[in-house]
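User: I have not looked at this one before. Can you walk me through it?

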Amino acid sequence: MPYRSLLSSLALVLLLGFWATPSDAADSDEIFVVVTSDDAETQMMSMVLSNQVLNRGASVRVLLCSAGGRLGVADEEFPMFEPADRSPQQLLQNLINEGATVEVCAIFLPNSEFGEDDLIEGIGVAQPPAIADHMLEPDVRYFTF
């Protein structure tokens with residue numbers, strides 16, 4: 001008798017595992033990444049992970065604020081990181097090219113020496129009401145770096 005219970009449990013686990021595959025979960029995920037750090041390695045990791053989830057089918061939205069806003073400025077320089085030999089800004093540009101939404105926070109430009117013309121093509125300026133609505137969506141996962 002104990003084997004029947006064990007086999008039933010195993011069958012249930014296998015069946016649930018079939019329906020809840022990682023690719024199915026990624027198809028419905030919306031990832032919201034907020035980058036505020038001025039640390040280039042932290043910025044790089046945020047971009048590596050954002051690209052990874054985008055490649056797995058998740059929708060990615062990135063908000064660049066404070067020192068993180070500089071990632072969105074076209075003429076800024078960033079270190080290259082191994083093993084990819086790429087910079088966080090290059091990975092950010094890849095996100096944009098692959099369809100991610102990337103914005104600087106609404107207070108970044110008015111409180112810096114930069115204007116909208118200084119931003120990388122494809123980066124917008126976030127509107128707080130739209131960001132608040134997005135954050136309240138039930139399927140949005142929120143990450144900060």
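This is a predicted model: local features need pLDDT of at least 70, side-chain atom pairs count only at pLDDT 80 or more; totals for chains, interfaces and linings use all residues.

User: How many residues has the largest nonpolar core?

Analyst: It has 36 residues. A nonpolar core is a set of buried Ala, Val, Leu, Ile, Met, Phe, Trp, Tyr and Cys residues joined through side-chain atoms within 4.5 Å. Buried means under 20% relative accessible area, exposed over 50%, partly exposed in between (1.4 Å probe, protein chains only).

User: Which element gives the largest share of this core?

Analyst: Strand 1, with 5 residues. Strands (E, at least two residues) and helices (H or I, at least four) are DSSP runs, numbered from the N terminus.

User: Switching topic, how many salt bridges does the structure hold?

Analyst: There are 4. The term means a side-chain nitrogen of Lys or Arg within 4 Å of a carboxyl oxygen of Asp or Glu. In one of them, Glu 103 pairs with Arg 61, with the closest N and O atoms 3.0 Å apart. Glu 103 is in strand 3 and Arg 61 in strand 2, so this pair ties together parts 42 residues apart in sequence.

User: Is Glu 103 buried or exposed?

Analyst: Buried, at 10% relative accessibility. Arg 61 is buried too, at 15%.

User: Which residues are linked in a network of salt bridges?

Analyst: Arg 70, Glu 76 and Glu 113. Arg 70 is partly exposed at 32% relative accessible area, and Glu 113 is exposed at 58%.

Methods. Residues are numbered from 1 along each chain as its sequence is written. Side-chain values use heavy atoms; hydrogens and water are left out.
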